[in-house]
Amino acid sequence: YPIMKEGKVYGVVLIDAKLILEDYDSASKSILLTNFFLFFISITFFLSFLFSRSIVKPIKILSHNTNLERDKYATNKNIINYPNRNDEIGVLSKDIKSMSTDLKNRIIELEEFSSDVSHELKNPLAGLKSSSDLLKLESIDEGKKKILFNNMSSDINRMNVLISDISNYTLTQVE
C-alpha cells in the first residue's frame with residue numbers, strides 16, 4: 001500500500017503474513033452469517049409479498065363487486081360473490097353486502113312509492129280535466145255546474161292532502 005500525503009508518495013508498506021486459522025474461521029463464520037441474513041431477508045420479502053396479496057386480492061374483489069352493484073343494468077348481479085373470511089376483510093365484505101341489499105330494497109321502495117304517487121295524483125287530475133272540459137260546454141245547466149265545481153274542489157283538496165302526505169313521508173324517510 002502506498003503512503004501518500006498531498007498527492008506525493010513517501011513510501012510503500014508491504015504486509016506479508018500467513019493467514020492464521022482463527023482468522024479463516026472468523027471469516028468463514030462471517031460469510032455464513034451474511035448468507036443467513038440474505039436468506040432471512042429473502043424469506044421475509046417472499047412472505048410479505050404473499051401476505052400482501054392475501055389482503056389486496058379480496059379488497060380488489062370487494063371493489064369490483066361494489067362496481068357491479070352500482071351498475072343498475074348489469075346482467076350478472078346474481079353471481080356476485082363476496083369474500084367469506086373470518087377476519088376484518090370478511091367483516092367488511094359482510095357489511096358491504098348488507099349495505100348493498102338495504103340500498104336495493106330502498107330503491108325498490110322508492111320506485112314503488114313513485115309509481116303509487118303518480119297514480120294517486122293522476123286520478124284527481126283526470127277528474128279536474130273532465131270537469132273543466134264539461135264546464136267549457138255551454139249546454140250544462142247551473143245545477144250540474146255546481147256539482148262539477150264541488151267535484152273540482154274536492155279533487156283539489158285531495159291533491160293538497162296527497163302532496164302534504166308525500167312531503168311528510170319524504171321528511172320521515174330522510175330522518
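## Surface patch, pocket and salt bridges

Colleague: Which residues form the nonpolar patch on the surface?

Modeller: F39, I43, F46, L47, F49, L50 and F51, with about 710 Å² of accessible area together. Keep in mind that this is a predicted model.

Colleague: Take L50. Where is L50 found?

Modeller: In helix α1, which covers residues 21–70.

Colleague: And is L50 buried, partly exposed or exposed?

Modeller: Partly exposed, because its relative accessible area is 40%, and that class lies between the 20% and 50% cut-offs.

Colleague: Changing topic. What volume does the second largest pocket have?

Modeller: About 160 Å³.

Colleague: Which residues line the second largest pocket?

Modeller: R106, E109, L110, F113, Y169, T170, Q173 and V174. By class, that lining has 4 nonpolar, 2 polar and 2 charged residues.

Colleague: Which helices supply at least two residues each?

Modeller: α2 (88–136) and α3 (142–174).

Colleague: On to charges. How many salt bridges does the structure hold?

Modeller: The structure holds 5. One of them joins the side chains of E69 and K104, at 2.9 Å from N to O. This pair links distant parts of the chain, with E69 in helix α1 and K104 in helix α2, 35 residues apart.

Colleague: Is E69 buried or exposed?

Modeller: Buried, because its relative accessible area is 16%, and buried means under 20%.

Colleague: What about K129 and D133, how far apart do they lie in helix α2?

Modeller: They are 4 residues apart, about one turn of the helix. Their side chains meet in a salt bridge, 3.4 Å from N to O. K129 is exposed, with a relative accessible area of 52%, whereas D133 is partly exposed, at 31%.

Colleague: Which residue forms a salt bridge with E142?

Modeller: K145, with the closest N and O atoms 4.0 Å apart. A salt bridge here needs the nitrogen within 4 Å of the carboxyl oxygen.

Colleague: Why are E142 and K145 separated by about one helical turn?

Modeller: Because they are 3 residues apart in helix α3.

Colleague: Last one: is E142 buried or exposed?

Modeller: E142 counts as exposed, at 57% relative accessibility. K145 counts as partly exposed, at 22%.

Terms used
Residues numbered from 1 in each chain as written. Predicted model: local features only at pLDDT ≥ 70, side-chain atom pairs only at ≥ 80, totals over all residues. Heavy atoms only, no water. Patch = residues over 30% accessible without salt bridge, like charges linked within 9 Å, V, L, I, M, F, W, Y side chains within 5 Å. Areas by Shrake-Rupley, 256 points an atom, 1.4 Å probe, with all protein chains shown as cover. Buried < 20%, exposed > 50% of the residue type's maximum accessible area, 1.4 Å probe, protein only. 1 Å grid on protein atoms, 1.4 Å probe; cavity = no way out; pocket = protein on both sides within 12 Å on 5 of 7 lines; lining within 4 Å. Points joined across faces, edges and corners; volume = space filled by probe spheres on them. Nonpolar A, V, L, I, M, F, W, Y, C, P; charged D, E, K, R; others polar.
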